[in-house]
Amino acid sequence: MSKLNLAKKLLSFVTCTALSAGLIVTYPALNDRSGKASARTLQEIQEEREANQQKINEYQNKLDSLAGDKANEEAYQQTLNDQIDLIRANITSLNVELDSINKDIDTSKENITKLDNDIANQQKAIDTKIKDFKERLYSMYVSGDDNLAAVILGSSSFYDTLSNIEMVNRIAAYDEDLINQLLDDIDNLGESKKQLETEKLTLEMKLDSQEAKKKEKEAELSSYNEKMSQTKEVLDRIALEESMLANDKAELEEYQNSLDAEDAAIREQIKREQEAAQRRYEEEQRRIAEEKAAAERAERERLAAQQQQQQQNNNDNSGQEQQQQTPDPEPVYYNTSPSASGFMWPAPGFCYISSPFGPRWGRNHNGIDIGDGGIGGGAAVASKSGTVVAVDNNCTHDCPKTYNCCGSGYGNYVVISHDGTYSTLYGHLRYATVSVGDYVEAGQQIGVIGCTGHSTGDHLHFEVRVNGAAQDPLVYVSP
């Protein structure tokens with residue numbers, strides 16, 4: 001709803017003579033988040049702004065908490081990255097080591113194959129020599145020892161005989177050395193083959209161990225990658241929550257700014273209304289003074305004319321009848337002693353408090369409800385001297401009801417300003433007996449207690465406000 005409508009609502013109190021900051025202002029919400037216009041007091045706007053600010057602070061605390069979580073997750077993820085880098089380095093190192101072991105195994109296999117070939121060749125050579133030697137021995141065996149005798153007998157001299165024997169011995173020694181050498185070669189080749197096979201087995205065992213380590217590191221790498229993925233999901237979730245919270249916070253701050261503007265506009269309007277009311281009051285006082293002076297002059301002239309007429313009609317005792325204006329009824333006062341704060345109890349003879357000041361029905365109850373049995377029709381009196389700044393006397397539904405009826409729920413009510421700082425409100429009146437601009441004394445009756453507005457029974461709703469802020473009335477008054 002436009003600001004023009006706001007001004008129209010506020011101008012309904014144009015007759016206020018000393019509008020205080022405690023004036024109950026009804027106006028349409030400029031930016032109701034529900035999209036519905038609602039009548040609220042200035043105090044309710046302030047309370048809503050405070051509640052919004054508290055919610056903004058809660059959003060900020062949650063954002064700060066998420067930022068801490070995000071920092072922890074990022075640090076955790078960085079640690080995982082470092083660990084993964086080390087694991088990858090270990091795997092690379094293992095791969096190099098495995099390649100080296102594989103090369104060593106291939107070399108050992110080649111050496112073993114070569115030795116196997118050498119041993120086979122040597123074995124063939126030895127087998128051939130052994131076969132020849134066996135054939136030679138067989139020939140010697142067939143010939144028997146006669147061969148040696150033939151060598152001796154065939155010698156022409158003793159020296160020749162010795163020479164022939166020596167040659168035979170040398171041939172035999174040669175055969176023996178040859179056999180021994182061949183056997184040694186076979187043993188050496190077998191030992192070399194055994195060592196190479198042992199080396200090959202060792203390398204194969206080492207290869208198996210390194211491959212097991214590689215699989216272990218690969219499994220560890222997979223585990224860290226899974227953790228990395230999980231922390232990435234956490235970071236994404238935190239980022240999403242941060243974005244949503246930031247949007248909520250921005251929206252609430254925007255609404256809070258609109259409430260600030262609304263509050264400022266209302267305060268400015270109240271200020272202008274107070275100034276206008278003060279000017280009207282001063283003008284009214286001047287008008288009253290001028291009318292009083294004119295009336296006094298007229299009275300003096302009338303008296304003078306009357307005296308002249310009496311002198312002219314000394315024998316006429318009837319005279320002229322003097323017309324007098326019917327006096328207004330005298331105000332009714334109740335002798336109620338004020339408290340130390342200077343405020344009086346607003347419902348003389350009734351003291352039961354049916355609902356105190358404070359939280360009620362999900363919001364704050366800004367006053368006290370005085371609701372003794374038989375209070376209906378009782379007098380509501382001014383708690384302190386002051387000027388009547390607002391009166392609503394239009395509600396005719398003086399009966400119990402649970403819905404908002406007339407006067408923003410107050411029904412018929414009166415607002416009195418006391419010295420510009422304090423103000424008091426008297427709600428659910430059957431009717432008010434004062435008008436805007438009246439100056440009332442403490443204890444003077446201002447209305448009759450009833451059940452108008454949002455009321456489930458006869459009672460007086462009484463508020464005390466300081467600079468527009470509702471206070472607990474029991475701090476200022478007592479039964």
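## Strands β7 and β12

Strand β7 (residues 379–381) is joined to β12 by three bridges, and the two run antiparallel; strands here are DSSP E runs of at least two residues, helices are H or I runs of at least four, and both are numbered from the N terminus. Two strands count as paired if DSSP finds at least two bridges between them. Within this pairing, Ala380 has Gly447 in β12 as its bridge partner. Strand β12 is mostly covered, since five of its five residues are buried, where buried means under 20% relative accessible area, exposed means over 50%, and partly exposed lies in between, for a 1.4 Å probe and protein chains only.

## Basis of the model

This is a predicted model, in which local features need pLDDT of at least 70 and side-chain atom pairs count only at pLDDT 80 or more, whereas totals for chains, interfaces and linings use all residues. Residues are numbered from 1 along each chain as its sequence is written, and side-chain values use heavy atoms, with hydrogens and water left out.

## Overall composition

The protein contains four helices and 14 strands, and of its 479 residues 32% are buried. Its exposed surface comes to about 29100 Å², of which carbon and sulfur atoms supply 50%; these accessible areas come from the Shrake-Rupley method with a 1.4 Å probe, and for residues only the protein chains shown count as cover.

## Strand β10 and its partners

Strand β10 (residues 422–432) is largely enclosed by the rest of the structure, because eight of its eleven residues are buried. Strand β9 (residues 412–418) pairs with β10 in the antiparallel sense over six bridges, with Ser417 standing opposite Ser423 in β10. The hairpin of β9 and β10 has three residues between the strands, and in it Asp419 takes a positive phi near 65°.

Strand β10 also pairs in the antiparallel sense with strand β13 (residues 460–466), over six bridges, and there Val464 in β13 is the bridge partner of Thr424. A further antiparallel pairing, over three bridges, connects β10 with strand β12 (residues 445–449), where Tyr431 has Val448 in β12 as its bridge partner.

## Aromatic pairs

Rings of Phe, Tyr and Trp (for Trp, the six-membered ring) pair if their centres lie within 6.5 Å, and their planes count as stacked when under 30 degrees apart, as edge-to-face when over 60, and as tilted for the rest. By this rule the structure has five aromatic pairs. One of them is edge-to-face, because the rings of Tyr422 and Tyr476 have their centres 6.0 Å apart and their planes at 70°. This pair links distant parts of the chain, with Tyr422 in strand β10 and Tyr476 in the segment after β14 (469–471), 54 residues apart. Tyr422 is partly exposed at a relative accessible area of 26%, whereas Tyr476, at 15% relative accessibility, counts as buried.

Another aromatic pair, formed by Tyr426 and Phe462, is tilted, with 5.4 Å from centre to centre and 45° between the planes. Tyr426 lies in strand β10 and Phe462 in strand β13, so this pair ties together parts that are 36 residues apart in sequence; both Tyr426 and Phe462 are buried. Ring pairs also link Phe343, Tyr422 and Tyr476 into a cluster.

## Glu242 and the cysteines

Glu242 has its place in helix α4 (residues 158–312), and it counts as buried because its relative accessibility is 18%. Leaving aside neighbours within four places in sequence, Glu242 is in contact with Leu63, Leu66, Ala67 and Lys70.

The structure holds zero disulfides, a disulfide being a pair of cysteine sulfur atoms within 2.5 Å. Cys351 is partly exposed, with a relative accessible area of 45%, while Cys395 is buried, with a relative accessible area of 6%.

Conventions:
Contact = heavy atoms within 4.5 Å.
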